[in-house]
Amino acid sequence: MKILVDNTPIECQEGELLIDVLINNGVEIPHFCYQQDLGMDGNCRMCMVEIKGQKRPQIACDTFVCENLEVSTKSEKINEVKRSILELELLNHPVDCPICDQAGECKLQDYYMDYGLYESHLCTPKTKKGKHIDLGSNVMLDQERCVLCMRCVRFTSNITKTGELGVIGRGDKAKIAVAPNHPLNNSYAMNVVELCPVGALTSKDFRFQQRVWFLDSAKSICHGCSRGCNIFIDYNETKYTDEKVYRFRARRNKEINLSFLCDFGRLSYKELNEKFTSSTWHVETFKEYLKIEKKVALASPSLSLQQLQAIKEFCEKNSIALYSLPYVDESFGDDWLKINDRSANFAGVKELLISTCQNDFENSLKDANLIINFDHNLLKSHMPENKQLLHFSTSKCDYGTVYAIANFAHENGTLINCDGIRQEYYATKYRCETPRLVELLEELK
Amino acid sequence: MGIKVVQRHGGTFIEKIYLHAIFGGMKTTLKHFTANLSDASNIPTICYPEQLPRDITSRYRGVHRLTHRKSDNTIACVACFMCATACPAKCINIVAIAREDGVDEKMPEIFNIDLLECVFCGYCVEACPCDAIRMDSGLYSVVGDNRESFIYDKAKLLSIKGISKEEFSLAK
């Protein structure tokens, strides 16, 4: 089926929402309340389009496509409509962009530059509402900046079904609020910060840390559990600061996490910034270690397929017994994104036929003289007696000799998630100070 | 596009031998020479550094300063990073923190300008939405005996006084 948008034919399916067709085909359509994974609400009226045969402009988020639909998104008349709607949305906005964390990724700023550019008609004082209210779960609310798109309210009532957020008051006194003594309290709460198209909801964790236009993004995958949620790693390196990861943002994937992340995964970026002491890498010293009889290796199930493959080849060549044990945390999972299996690539471990038997590993550990740990958390804080312990690690280890390797922000790789979906992740653009595991194993050949 | 035809000069014999132009130039030089020889008090040249320039106005782009709020004499800067974004030399280093005294939400914890890297272009002053950074200090000479002494921090920038009439930030 074809529809005509601004005189360009666009291919689409019967029964799709017009706004989805426009967004998926890269046609610019301003909107606040519509979000592809929250569905339509139709309260912001920003997505107005002209439809041939209709008397008045229609909202694209409540229009289903049909045969021979002719849509105009750019005419002079429709821009005038959008300008008027935007002026109403912005009427009581405090315009405190200098202290607002959303500045730079704010829809109000973008649309004002695209469709607004009017002089304010307001001659009475602006309505005052609450500012920097701590809602709990790392979320800060500024009621003056809010455009009442209800995305956050719909998220807590339809998706998490916890219903903490609501709207109180009417007219220009309407504001988002939580009930007294019932703060925002669910393990997905920080999604509302990302859903908010303006600066009304901001993250306490990211608050004032960095302006967003200084950040670069890398496409990556959360390593918090085996769900494999798609993320953007937002990071930068400036003249005065080293490379630092500032936040994770959800990257939309319809099959896995939609546009959402759990708070645990979202805050797990902090591990990537940790600094720890390690030994200097010498190939010859390491080869001396390899002369020890009876060796056992333990690989982390969160390493990528490429890394696991290199480890497997290395272990076969040096006759080292290789094992990998899953990270299982029975208290972690829930009925949505979080899963008890906390290893990012356990399906990959199985695919490469690496032994995952706990008993076999413990038996070979008893006999072994040298243990090589490839970033597995089990051996980082636990020291088996009378053995040599070598770590290739991305984080701090309490015992043994530690060789630092690059963490997943500095690696390209492939992971297989709990549903067998194979996904790529990509490194940040800055040079990593620590070497990559695959390169180290290459040197040992 | 239209073409404007410009008439070329220098084609005549008098112009080609240059003597006319040379004597014309010498006439001006000698006029100033005799005028300055007879009355030395009007010579614009000064004996710097014994004599100091007298023509520094508040529009002169001197060393930066951070202004105060008129209401409570606290720092006017809200750490919005506009100056650091506009700076072509990347010489401004800001670290922001939340402001706890209720005057505003955000302020700089660190605000350093590296004057050795600064090109004194004034873009930071243009970019500032709060009139918090100005270059109206009238300071044209910065002296130090090590590199670190040229990095002016928040306290130093706040302590510099301006020579313009407006002492405080004019931001609303």
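What follows is a chat about a predicted model.

Trainee: How is chain A divided?
Mentor: The model is predicted, and its chain A has domain 1 (2-89), domain 2 (97-203), domain 3 (216-273) and domain 4 (283-443).

Trainee: How far apart are the centres of domain 1 and domain 4 of chain A?
Mentor: Their C-alpha centres lie 50 Å apart.

Trainee: And chain B, what domains are there?
Mentor: Chain B has domain 1 (8-45) and domain 2 (65-159). The centres of domain 1 and domain 2 of chain B, taken over C-alpha atoms, are separated by 48 Å.

Trainee: Back to chain A. What is the strand order in the open sheet of 5 strands?
Mentor: The order is β2-β1-β5-β3-β4 in chain A, and the pairing is mixed.

Trainee: Which strands stand at the edges?
Mentor: In chain A, β2 (8-11) and β4 (58-59) do. Each has a single partner strand, so one side of each is left without a neighbour in the sheet.

Trainee: Do β1 and β2 of chain A run parallel or antiparallel?
Mentor: Antiparallel: 4 bridges join β1 (residues 2-5) of chain A to β2(A). In one of the pairs, A:Lys2 has A:Glu11 of β2(A) as its bridge partner.

Trainee: What does helix α2 of chain A lie across?
Mentor: Helix α2 (residues 76-89) of chain A lies across β3 (48-51) and β5 (70-72) of chain A. The helix runs at about 155° to β3(A).

Trainee: New topic. Which residues of helix α4 of chain A are buried?
Mentor: In α4 (residues 151-159) of chain A, they are A:Arg151, A:Cys152, A:Phe155 and A:Thr156. They cover an arc of only 130° around the axis, so they sit on the same side of α4(A).

Trainee: Why would a helix line them up like that?
Mentor: An α-helix has 3.6 residues a turn, so residues three or four places apart point the same way.

Trainee: What do the buried residues of α4(A) pack against?
Mentor: They pack against β8 (165-168), β9 (175-178), α5 (191-195) and β10 (201-203) of chain A. After α4(A) comes A:Lys161, which has a positive phi, near 55°.

Trainee: How many residues are in the largest nonpolar core?
Mentor: There are 106, and the ones touching the most other members are A:Cys47, A:Ala60, A:Val139, A:Val192 and A:Ile311. Helix α8 (residues 305-317) of chain A gives the largest share, 5 residues.

Trainee: What is A:Cys47 in contact with?
Mentor: Leaving aside neighbours within four places in sequence, its contacts include A:Ile19, A:Ile29, A:Tyr34 and A:Ala60.

Trainee: What about a second core?
Mentor: A second, separate core has 28 residues, among them B:Leu66, B:Ala84, B:Met107 and B:Ile113.

Key
Residues are numbered from 1 along each chain as its sequence is written. Chains are lettered from A and ligands numbered from 1 in the order in which they are written. This is a predicted model: local features need pLDDT of at least 70, side-chain atom pairs count only at pLDDT 80 or more; totals for chains, interfaces and linings use all residues. Two strands pair if DSSP finds at least two bridges between them. Helices (H or I, at least four residues) and strands (E, at least two) are DSSP runs, numbered from the N terminus. Two residues are in contact if their C-beta atoms, placed from the backbone, lie within 7 Å. Axes are lines fitted to C-alpha atoms, for helices over the stretch in contact, and angles run from 0 to 180 degrees between N-to-C directions. A residue is buried if 20 or more other C-beta atoms lie within 10 Å of its own, exposed if 12 or fewer, and partly exposed in between; C-beta atoms are placed from the backbone. The arc is that of the directions from the helix axis to the C-beta atoms. A nonpolar core is a set of buried Ala, Val, Leu, Ile, Met, Phe, Trp, Tyr and Cys residues joined through C-beta atoms within 7 Å. Domain bounds come from an automatic or database domain assignment.
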